[in-house]
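Dear colleague,

Please find the structure below, handed over for your records.

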Amino acid sequence: MNKISLLDVTLRDGGYINNWEFCDEEILAIISQLQNANIDIIECGYLNARENSTSNKTIFNSIAKLEKLLSCVKEKKSDYILMINHGEFDVNNLPEKLSTQIDGIRLAFYKEDMKKALENAQKIKQKGYKLFIQPMIMSRYSVEEICMLTEQINKIKPHVFYFVDSFGIFSRKDFNQTIDILDKNLDKNTKLGIHLHNNLQLAFSNAIDVIEKKLNRQIIVDSSVCGMGRGAGNLCTELIIDYLNKNNSTNYEILPLLQIMDNSLSKYFFKKSWGCSPIYFITAKAECHPNYATYFFEKENLSIIDVEKVIKFLDKTKSHNFNEKY
């Protein structure tokens, strides 16, 4: 079985549920409990230059704001990373890695921004950070385009290259075929990251498939506590660590995750639930951003059948990115 590391995205991807409004005490408690669970890597939130708040959020306009919080953590046992969506933060403003507790930066980009994003990826590496690089919406890439992309990625030599199922639409067959292509073409020293959304309820089975594969590299699997995340949510951290403990001789702890659920996430779930839903099934089948379904459904004068009809009429060139005005 492959060498597996777990990366928890609750504070970042889970923030789509509560607008990233975790209070500072809650952020520290979640980080501490994730470390108590022996999670390998914790994604602490987003870097976004447009963010104005000074506290109680996991969107930060500088690493210094997060550093102030992390200084209150008693012991650092996990790696810490932050995510940048290309265009939302000037990577030239990143401090040198030696001056911060942040170990890595995940850079996410859309297909049309690839050239500039890869230039920024080089700058992140030059600053000394572990580079986690993530092309969004892998379903938009043909086999030929994936091969061309990996050629460019191999020149950069990131710490991790990510496969992301942005809309949770990959069948097990298509998922495994894409993983095999990436494993064949990526530099052998680059880790393969897996980020799975759960719109078709396939995140857990697809994660198990990649864990069981005999790949030529180490694997990083993303998950969030209770699957917290936009739409149908993500792979559940508690489920995947239970599987790994039983089948891969790992020593992750589940009790700290249950404490996170009880002390923090339950209140967010009751305000705005996530998980299996017909409306997110509809968007997955249409390869459409789930926020369109949420937007139409929350009007309350449209039935699920109405929403399905409207989704079908969306322009395919615009349906991948949610645009309320459109």
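Ring pairs join Tyr292, Tyr295, Phe296 and Phe322 into a cluster. Rings of Phe, Tyr and Trp (its six-membered ring) pair if their centres lie within 6.5 Å; planes under 30 degrees apart are stacked, over 60 edge-to-face, and the rest tilted.

This is a predicted model, in which local features need pLDDT of at least 70 and side-chain atom pairs count only at pLDDT 80 or more, while totals for chains, interfaces and linings use all residues. Residues are numbered from 1 along each chain as its sequence is written, and side-chain values use heavy atoms, with hydrogens and water left out.

The whole structure holds 12 aromatic pairs. One of them is the edge-to-face pair of Tyr16 and Trp20, at 4.8 Å centre to centre and 65° between the planes. Tyr16 also forms an edge-to-face pair with Tyr46, at 6.4 Å and 90°.

Two charged ends sit over rings (NZ of Lys or CZ of Arg within 6 Å of the ring centre and within 35 degrees of the ring normal). That of Arg106 lies over Tyr162, 4.4 Å from the ring centre, and that of Lys111 over Tyr141, 5.3 Å from the ring centre.

For disulfides (pairs of cysteine sulfur atoms within 2.5 Å), the count is 0. The sulfur of Cys72 is too far for a bond because the closest cysteine sulfur, in Cys23, is 13 Å away. For Cys226, the closest cysteine sulfur is in Cys236, at 6.1 Å, also too far for a bond.

Yours sincerely
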